[in-house]
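Subject: Structure handover

Hello,

Here is the structure you will be working with. Please open it next to this email and follow along.

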Amino acid sequence: ARCTNEHVGGKQYGTREACCRDKFGYYLDKCEYLDICNPAPPPEPTPAPTKCDLRTWFYNEDTDQCNNVADMEGNTNAEYGDMGECCEANFGEPEPYLNTPSATNYIMENGCPHGAVVDM
């Protein structure tokens with residue numbers, strides 16, 4: 001059931017509220033209503049998802065981590081174009097022996113030490 005101000009026959013009401021009360025009783029929040037005189041504008045489209053590498057990254061001296069939160073206390077003034085760039089600049093290249101299957105808990109795919117990234 002739906003209330004509308006479009007004349008489609010059937011019972012007529014003086015107000016939207018009167019129609020909603022008749023059709024939905026105390027459950028006015030469940031009342032669907034179509035206003036043909038003042039239609040609701042279409043919803044704004046949502047922005048496309050962004051990839052992590054498209055955000056600006058910062059190194060935080062207090063936490064010894066790379067993050068993408070511009071105003072985090074402890075961030076240095078340096079800005080990095082992606083997470084890998086931040087990690088390489090602050091943690092250096094990962095040692096070759098650490099890129100073995102047994103070291104996966106220590107080194108992440110991007111070369112950052114485990115736990116050294118805060119992605120918000």
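This is a predicted model: local features need pLDDT of at least 70, side-chain atom pairs count only at pLDDT 80 or more; totals for chains, interfaces and linings use all residues.

Residues are numbered from 1 along each chain as its sequence is written, and side-chain values use heavy atoms, with hydrogens and water left out.

Some terms come first. Helices (H or I, at least four residues) and strands (E, at least two) are DSSP runs, numbered from the N terminus. A residue is called buried under 20% relative accessible area, exposed over 50%, and partly exposed in between (1.4 Å probe, protein chains only).

Disulfides

A disulfide is a covalent bond between the sulfur atoms of two cysteines. Here the term is applied to a pair of cysteine sulfur atoms within 2.5 Å. The count by this rule is 3 disulfides.

One of them runs from Cys-3 to Cys-19, with an S to S distance of 2.0 Å. The link of Cys-3 and Cys-19 is left-handed, at -95° about the S-S bond. Cys-3 belongs to strand β1 and Cys-19 to helix α1, so this pair ties together parts that are 16 residues apart in sequence. Both Cys-3 and Cys-19 are buried.

Another disulfide is formed by Cys-20 and Cys-31, whose sulfur atoms are 1.9 Å apart. Cys-20 sits in helix α1 and Cys-31 in the loop between α1 and β2 (33-34); the pair links distant parts of the chain, 11 residues apart. Because the torsion about its S-S bond is about -65°, the disulfide of Cys-20 and Cys-31 is left-handed. Cys-20 is buried, at a relative accessible area of 5%, and Cys-31 is buried at 11%.

In the disulfide of Cys-66 and Cys-86, the sulfur atoms are 2.2 Å apart. Cys-66 is in strand β4 and Cys-86 in helix α2, so the pair ties together parts that are 20 residues apart in sequence. The torsion about the S-S bond of Cys-66 and Cys-86 is about -95°, so this disulfide is left-handed. Cys-66 has a relative accessible area of 0% and is buried; Cys-86 is likewise buried, at 0%.

As for Cys-37, its relative accessibility is 58%, so it counts as exposed.

Salt bridges

A salt bridge is a side-chain nitrogen of Lys or Arg within 4 Å of a carboxyl oxygen of Asp or Glu. This rule gives 2 salt bridges.

Asp-22 and Lys-11 form a salt bridge through their side chains, 3.5 Å from N to O. Asp-22 is part of helix α1 (residues 16-24) and Lys-11 of the loop between β1 (3-4) and α1, so the pair ties together parts that are 11 residues apart in sequence. Asp-22 is partly exposed at 42%, whereas Lys-11 is exposed at 59%.

Arg-21 and Glu-17 also meet in a salt bridge, 3.6 Å from N to O. They are 4 residues apart in helix α1, so about one helical turn separates Arg-21 from Glu-17. Arg-21 is partly exposed at 43%, and Glu-17 is partly exposed at 48%.

A loop residue

Glu-73 lies in the loop between β4 (65-67) and α2 (83-91). With a relative accessible area of 72%, Glu-73 is exposed. Apart from neighbours within four places in sequence, Glu-73 is in contact (heavy atoms within 4.5 Å) with Asn-60 and Asp-62. Glu-73 and Asp-62 are 11 residues apart in sequence, and their C-alpha atoms are 8.1 Å apart in space.

Regards
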